[in-house]
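This report describes a structure shown below.

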Amino acid sequence: MPKLFPAQEIGSLPKFSWRTKPFRDTPLSDADVATAKLWGKRLGVEGTGDLIRILSRRKGFNSAQKKKIVEFSLLYAIRMEERAGLDLVWSGEQARTEMYETPVSNIRGFEFIGRVRSFDNKYWRMASIRSRPRYNNNYHLEEALFTRKKATRKIKVPVTDAITIMAWSDNHYYTSKWANKSIPPSERSFNARREFTLELSKIIRKVIRELVDRGVQEIQIDIPAATQYQSEDDIKLVVESFDETTKGLDASFSVHSCFPPRFGYSILFPHILEMKKCDRFSFEYGNRDGFARGIDDNSRSGLSDLRLFKEYGYDRGLGVGVIHVHTDLLPSAGVVKDRILYAAKMTDLSPEKLFVNPDCGLRTRSPEVAYKMLNLVTAGAKKARSELDPS
Amino acid sequence: MKSLNAAFREDSDQLVSLQKHLRFDHVSDGQFSLAWQDFLRPITDGVEGIRKGALVRWYNTNTFYYTPIIKDEIRSDGKAVLRRIEKRHLDSGSSFKVILPDPLTLTELADDRFYGNKEKLLFAFADNVLREEVRRLSKSGVKYIQFSSPALVARFREPPLSRDELKQAGEAVGASLRGSSARSGFHTFFGDASPYIPWIFDSIPTDDIGFDFSQTDPESLTPSKKGIIAGVADARSSYLESVGEMERKVAVIAERTGSRSITLSPSSDLRYIPREVADAKLKRLSKLREKLEDN
């Protein structure tokens with residue numbers, strides 16, 4: 001019988017200091033090595049003796065040792081998710097710089113131009129597209145194969161989509177290309193966005209095709225920027241880009257998005273329901289919800305957008321973000337359970353189609369808090385299952 | 001390692017120096033501060049009756065703000081913004097400019113759980129918050145107050161405001177400025193302002209009205225005695241406009257409006273592109289000014 005309220009992570013996990021320092025040429029401290037030992041034991045990671053031996057050098061790691069450090073980092077992430085009880089796991093983007101910088105570093109045509117603040121003290125390294133983007137190499141294959149080999153649970157591979165890469169980049173090449181056309185400014189900008197996006201979709205399809213050919217069965221298409229450009233044409237472009245990316249590929253696809261503008265997810269509807277191969281949407285909701293107990297509309301006002309799925313008769317899968325990821329303030333497992341049960345009530349989806357997850361990737365949290373959050377997700381799901389079926 | 005606060009101060013000082021070096025008429029501090037982490041934050045964190053809510057996308061950008069939740073009567077002591085400004089910038093001898101969200105933008109982005117009526121909230125922001133802030137800033141030596149109003153034009157899924165609504169938005173701006181002696185501007189960006197032309201000139205009681213000319217066609221302008229903030233350098237792109245390109249736009253603006261005061265400006269604030277690119281845009285605007293002065 002399929003599990004009710006299966007749990008998943010969305011993408012990233014924080015990196016331990018022993019993973020990051022060797023790549024910044026910063027010597028490791030006793031505490032860094034102790035952390036590797038402690039968490040290795042806590043998560044039941046196999047073969048940590050090899051890692052500790054490498055880390056004991058403290059500095060001057062060669063490329064083979066650095067590769068091993070990254071592989072252990074992937075392994076720690078997989079075991080963290082498995083130990084927390086997630087049903088669908090991933091290696092926490094440990095091999096990636098982050099979800100934007102890794103793809104644009106591996107697609108030709110981009111040039112990094114500097115950092116831009118996203119919020120608080122979070123910045124991204126913006127790249128500018130200076131010529132037509134071209135495929136360079138498969139930037140996800142190695143980590144995907146490693147994860148598939150090591151995971152004891154079902155895996156999914158998150159892949160950043162074309163819309164997001166377009167929206168977070170400086171669209172220099174296509175903006176210049178359209179600059180002198182005699183059409184209204186808004187039309188010029190849209191055409192520049194569309195052309196850039198659809199070129200990227202083809203490249204990303206090639207990356208995914210190889211993953212699928214090598215045995216990956218589930219891909220999460222990450223579209224955090226789905227709600228960035230908000231005109232109806234732009235939302236249709238999100239759909240067009242997804243369909244273009246997944247065209248001709250035989251795998252299971254889900255879509256993740258988060259942090260929409262003040263209108264919430266309503267601006268995506270009904271167009272996103274037309275994505276041909278999307279089996280599940282995973283959206284952030286915990287960010288907007290309070291800590292009051294209850295499954296009434298007042299207590300769960302942050303999840304009110306979920307009504308959209310019922311209104312449009314949606315009957316595929318849905319991942320509900322039940323924990324806000326940009327704070328260390330945690331809800332109780334009871335509140336998480338209430339959020340899950342409210343989601344079930346609001347969407348009318350059967351509980352095996354309703355996944356639960358943190359709102360987004362956990363890379364901005366400490367490993368301790370991230371692990372607590374994952375455990376909260378599964379604890380809340382367990383409580384929700386018990387409430388539906390007390391036996 | 002230098003502290004984060006010191007790094008922000010250094011960034012801010014460099015920006016002020018650059019603007020002075022380029023002979024800008026008004027200089028701003030770039031809002032580089034740990035206490036000014038999104039455009040609304042001084043209000044969200046520093047005004048009575050407001051608390052910080054969900055993290056939400058700022059218009060069509062990859063930047064975010066915390067929703068101001070209105071949970072009670074809102075009231076400001078007038079120092080929410082001032083306490084985030086370095087005194088040495090105010091005393092630096094240049095005309096110091098402060099940029100604030102206009103009442104309409106605050107009203108549209110807030111989650112109102114107290115007033116229950118958009119008009120009441122609009123004037124609560126104007127009368128109880130912004131007026132106090134503007135007065136205090138003006139008394140402390142701020143020479144230019146700019147209200148930024150993406151809400152007026154960045155209406156990707158909503159129709160433009162009606163003329164009555166525009167008039168009301170202008171009345172709220174007027175209420176905010178009451179008692180201030182600073183020069184004032186009202187800048188619109190992220191969208192096309194042409195649906196509001198020509199009414200915007202009479203409805204908004206600021207000295208200058210600003211347009212994002214990456215989104216608004218300069219040909220849509222009409223005659224006005226107001227000053228024009230000419231957003232001719234696209235603040236969302238690293239594409240560095242040539243002096244000639246911008247000069248052609250300014251010529252159209254001057255010809256269409258007949259305005260005797262045209263302020264050269266980026267299309268919006270420059271936080272959406274890397275600092276190096278932003279500085280290059282400012283330098284290019286300065287070159288444009290030199291060229292126009294030579295003519």
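Phe190(B) is buried, having 25 other C-beta atoms within 10 Å. The term buried applies to a residue with 20 or more other C-beta atoms within 10 Å of its own, exposed to one with 12 or fewer, and partly exposed to those in between, with C-beta atoms placed from the backbone. Phe190(B) is located in the loop between E6 and H8 of chain B. Its phi is near 75 degrees, a positive value in a residue other than glycine. Tyr59(B) also has a positive phi, near 45 degrees, and is not glycine. Tyr59(B) counts as buried because 22 C-beta neighbours lie inside 10 Å. The loop that holds Tyr59(B) runs between strand E1 (48-57) and strand E2 (64-75) of chain B. Helices (H or I, at least four residues) and strands (E, at least two) are DSSP runs, numbered from the N terminus.

Most residues other than glycine have a negative phi, and most peptide bonds are trans. The bond from Ile197(B) to Pro198(B) is cis, with omega near 15 degrees. Pro198(B) sits in the loop between strand E6 (183-187) and helix H8 (199-203) of chain B. In chain A, a cis peptide bond joins Phe269(A) and Pro270(A), and omega is about -5 degrees. Pro270(A) is placed in the loop between strand E7 (252-257) and strand E8 (278-283) of chain A.

## Basis and confidence

The model is predicted: local features need pLDDT of at least 70, side-chain atom pairs count only at pLDDT 80 or more, and totals for chains, interfaces and linings use all residues. Residues are numbered from 1 along each chain as its sequence is written, while chains are lettered from A and ligands numbered from 1 in the order in which they are written.

Chain B averages a pLDDT of 96, and 99% of the residues score at least 70; pLDDT is the predictor's confidence in each residue, from 0 to 100. For the complex, the predictor gives an ipTM of 0.95 and a pTM of 0.96.

## Strand pairing in chain B

An open sheet of 3 strands in chain B has the order E1-E2-E4, with mixed pairing. Its edge strands are E1 and strand E4 (111-112) of chain B, each pairing on one side only. Two strands pair if DSSP finds at least two bridges between them. E2(B) and E4(B) run parallel and are joined by 2 bridges. Ile70(B) has Asp112(B) as its bridge partner in E4(B). Helix H5 (residues 118-139) of chain B packs on the sheet and touches E2 and E4 of chain B; the direction of the helix makes about 80 degrees with that of E2(B). Such axes are lines fitted to C-alpha atoms, for helices over the stretch in contact, and angles run from 0 to 180 degrees between N-to-C directions.

Strand E3 (residues 97-101) of chain B is mostly covered, with 4 of its 5 residues buried. E3(B) runs parallel to strand E5 (residues 144-148) of chain B, and 5 bridges join them. Pro101(B) has Ser148(B) as its bridge partner in E5(B).

## Chain A as a whole

Chain A contains 13 helices and 10 strands. Its C-alpha trace spans about 65 × 55 × 40 Å along its principal axes. A compact globule of 391 residues would have a radius of gyration near 21 Å, and the 21 Å of chain A agrees. This radius is taken over C-alpha atoms, and the globule rule is 2.2 Å times the number of residues to the power 0.38.

Of the 391 residues of chain A, 50% count as buried. Among contacts in chain A between residues at least 6 apart in sequence, 79% join residues at least 24 apart. Two residues are in contact if their C-beta atoms, placed from the backbone, lie within 7 Å.

## Where the chains meet

35 residues of chain A are in contact with 28 residues of chain B. The elements giving two or more residues to the chain A side are strand E2 (107-119), strand E3 (122-135), helix H7 (162-168), helix H8 (172-178) and helix H9 (185-213) of chain A. E2(A) gives the most to this side, with 7 residues.

Ser238(B) touches Ile113(A), Ser128(A), Asp170(A), His172(A), Ile273(B) and Val277(B), not counting residues up to four places away in sequence. Ser238(B) is found in the loop between strand E8 (227-233) and helix H9 (243-257) of chain B. Ser238(B) is buried, with 24 other C-beta atoms within 10 Å.
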